[in-house]
Amino acid sequence: MEYTFDLEKNKDKLTEYKDFLKMIKATNGALMPALQKAQELFNYLPKEVLKIVSEELRIPLAEIYGVATFYAQFSFIPKGENQISVCLGTACYVKGAQAILEEFEKELGIKQGETTSDLKFSINEARCLGDCSKAPVVMINSTLFPLVKKKDVKKILEDLR
């Protein structure tokens with residue numbers, strides 16, 4: 001799925017970002033803070049913003065992509081307003097978490113790692129959400145949903161819509 005970065009809609013953020021780049025451009029190791037700030041401001045790393053980084057910091061685009069793809073904290077896909085993390089750690093997996101993940105995918109029409117076209121939902125798998133006694137668990141934004149069953153998915157999504 002292709003996402004279009006709206007330059008006009010993000011004009012104020014782009015101005016803030018360019019000012020930030022000017023402030024850090026003489027600093028050794030400026031690329032990581034530049035990417036982190038872009039992720040924070042835009043919720044992902046749009047190619048248009050990476051071109052600005054390349055021009056402002058005088059770093060080849062290939063090198064920027066090399067760094068950005070190495071670190072899991074960076075995304076080239078916008079994150080949804082509601083970020084769904086389905087735990088696939090051992091306790092959750094044994095209690096049916098894979099079927100729950102697949103039900104979220106089916107209901108939203110996207111796969112794990114993707115975002116809906118309206119930018120309302122993203123689905124990701126997690127290795128452990130730290131509440132194994134209540135497996136399977138799902139975290140949406142910062143809210144933990146314990147003892148989730150496949151039949152609960154539709155209701156959870158309805159409540160979020």
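How are H1 and H3 oriented relative to each other, roughly parallel or roughly antiparallel? Please bear in mind that this is a predicted model. Two packed helices are described by the angle between their axes and the distance between the axes. Here, helix H1 covers residues 11-24 and helix H3 covers residues 47-57. Their axes come within 10 Å and cross at roughly 30°. Since angles under 35 degrees count as roughly parallel, H1 and H3 are therefore roughly parallel to each other. The handedness of the H1 and H3 crossing is right-handed.

Which residues make this contact? From H1 come Leu14, Tyr17, Lys18, Leu21 and Lys22, and they meet Val49, Ile52, Val53, Glu56 and Leu57 of H3. Sorted by class, the contact of H1 with H3 contains seven nonpolar and three charged residues, with no polar ones.

The largest pocket holds about 330 Å³ of space. It is lined by 15 residues, of which Lys9, Asn10, Phe42, Tyr44 and Leu119 are the closest to its centre. The lining of the largest pocket comprises seven nonpolar, four polar and four charged residues.

How many cavities of 30 Å³ or more does a search of the whole structure find? The search finds one, and the largest cavity contains about 30 Å³ of space. Among the residues lining this cavity are Ser75, Pro78, Lys79, Glu114 and Asn124. The lining of the largest cavity divides into three nonpolar, five polar and two charged residues.

Definitions and conventions:
Residues are numbered from 1 along each chain as its sequence is written. This is a predicted model: local features need pLDDT of at least 70, side-chain atom pairs count only at pLDDT 80 or more; totals for chains, interfaces and linings use all residues. Side-chain values use heavy atoms; hydrogens and water are left out. Axes are lines fitted to C-alpha atoms, for helices over the stretch in contact, and angles run from 0 to 180 degrees between N-to-C directions. Helices (H or I, at least four residues) and strands (E, at least two) are DSSP runs, numbered from the N terminus. Angles under 35 degrees count as roughly parallel, over 145 as roughly antiparallel, 65 to 115 as roughly perpendicular and the rest as oblique. A crossing is left-handed if the near helix is turned anticlockwise from the far one by less than a right angle, and right-handed if clockwise. Contact means heavy atoms within 4.5 Å. Ala, Val, Leu, Ile, Met, Phe, Trp, Tyr, Cys and Pro count as nonpolar, Asp, Glu, Lys and Arg as charged, and the others, Gly among them, as polar. On a 1 Å grid over the protein atoms alone, a cavity is a set of points where a 1.4 Å probe fits but cannot get out, and a pocket is an open set with protein on both sides within 12 Å along at least five of seven lines; lining residues have an atom within 4 Å of a point. Grid points are joined across faces, edges and corners, and a volume is the space filled by probe spheres set on the points.
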